[in-house]
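Open the model in your viewer and colour it by chain. This tour goes from one selection to the next.

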Amino acid sequence: MAGPRKPFEPPTEEQRAFLERAIEQYGKATYNFAYRLTRNESDAADLTQEAFIRVYRAWRSFVPGTSFLSWVYRIVTNLYRDELRRRKGRYQEEIPDDNAPQEFGGGRPLAVEPIDEYVEQQMSEPVAKALEELTPDQRAVLVLADIEEYSYQEIAEVVGCSIGTVRSRLHRARNQLRRLVIQHRAAL
Amino acid sequence: MINEHVTTDTLVDYLHRELAPEDDAAVHAHLAACRACTVAYEAEARLTDQLCSNARAEERELPPAVVARIRSEIAQQTQPAWWRQLTLVLRPTVGFPVAAVLVLAVVLGFS
């Protein structure tokens, strides 16, 4: 399979058509995914733009029959990760070690501490706030698992890690989300 | 059937249909008989529902300006090298002074 097309190579009609089809069919989904990751319209716009430029350049790398959306989500996720590293230089520090003991015991039997108290009413705002406070990696996994309904295998392919890491990251994200939702609901 | 209560993490995997078939069946059977775990499972499911509901509520269209920027960026990148050099020279900050000097030279030449 040919590698990514060099930027100065004259574009073909096929390449242009590929891009236009991609934007038409997946532009909105990509933009919304970028927004859910960044929680910011301007950053989502920049990520979407850069992602489709990558799609255009690397159009021959796309394997027909595989999920285009997973491919473009992977590009968005990687771009976002790079951008965070570039901006802050501390992205890795924000990501807890997946093997570290969990701060909020997801392994604890639920009957010890029922959690239904936090989901009864007015969840929208606390959940939105809590989502913003997760680490970027936690948010990515949560969005893919719960909103996009991706399998752990698909998420692993998008974010570039093992299924075990996806599983532990999702558990940690939901534990953290529950804790934050309780905090935000109490503050209402 | 599982006699002990199911952990939150296992309920999350069950909710996402990520348990092995035998574990999935065991959790399913346990939930049918355990009120506490059913309440916990429903809370997890509502949390997912709320995430989806929020996502739907904040869903937005792809701004046309983003599409325009994509096309513009690609058009620039795919121009031949000589054309990019020419547009670089002809950009206003360079083009206007050059044009002004040329006009001045012509005017001075005639006078």
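## Stop 1

Start with the whole predicted model. A search over all chains finds 21 salt bridges. Now select B:Glu61 and A:Lys28. B:Glu61 sits in the loop between α3 and α4 of chain B, and A:Lys28 sits in helix α1 (residues 13-38) of chain A, so this pair joins two chains. The two residues form a salt bridge, and their closest N and O atoms are 2.9 Å apart. Side chains of opposite charge can pair when their charged atoms come close. Between chain B and chain A, the count is 10 salt bridges.

## Stop 2: the side of chain B that touches chain A

Stay with chain B. Which of its helices each supply at least two residues of the side that touches chain A? Select α1 (8-15), α3 (35-57) and α4 (64-77) of chain B: each one does. The largest share, 13 residues, comes from α3(B). Now colour this side of chain B by residue class.

For the polar contacts, show chain B and chain A together. With both residues at pLDDT 80 or more, 18 residue pairs are in polar contact between the two chains.

## Stop 3: the whole interface

Chain B contributes 40 residues and chain A contributes 52 residues. How much area is buried between chain B and chain A? The value is about 4400 Å², and carbon and sulfur atoms give 59% of that area. Next, highlight B:Leu47, B:Leu51 and B:Arg60. These residues supply 15% of the area that chain B buries against chain A, more than any other three residues.

## Stop 4: two helices crossing

Finish with helix α8 (residues 163-187) of chain A, shown together with α3(B). Look at how their axes run. The two helices pack at an angle of about 85°, with axes 12 Å apart. Because angles of 65 to 115 degrees count as roughly perpendicular, α8(A) is roughly perpendicular to α3(B).

Show the side chains at the contact:

- From α8(A), select A:Arg174, A:Leu177 and A:Arg178.
- From α3(B), select B:Glu44, B:Leu47, B:Thr48 and B:Leu51.

The residues of this contact divide into three nonpolar, one polar and three charged.

How values were computed. Residues numbered from 1 in each chain as written. Chains lettered and ligands numbered in written order. Predicted model: local features only at pLDDT ≥ 70, side-chain atom pairs only at ≥ 80, totals over all residues. Heavy atoms only, no water. Contact = heavy atoms within 4.5 Å. Buried area = accessible area lost by both parts, 1.4 Å probe. Salt bridge = Lys/Arg side-chain N within 4 Å of Asp/Glu carboxyl O. Polar contact = N/O pair within 3.5 Å; in protein donor to acceptor, adjacent residues only side chain to side chain. Helix = DSSP H or I, 4+ residues; strand = E, 2+ residues; numbered from the N terminus. Axes fitted to C-alpha atoms, helices over the stretch in contact; angles between N-to-C directions. Parallel < 35°, antiparallel > 145°, perpendicular 65-115°, else oblique. Nonpolar A, V, L, I, M, F, W, Y, C, P; charged D, E, K, R; others polar.
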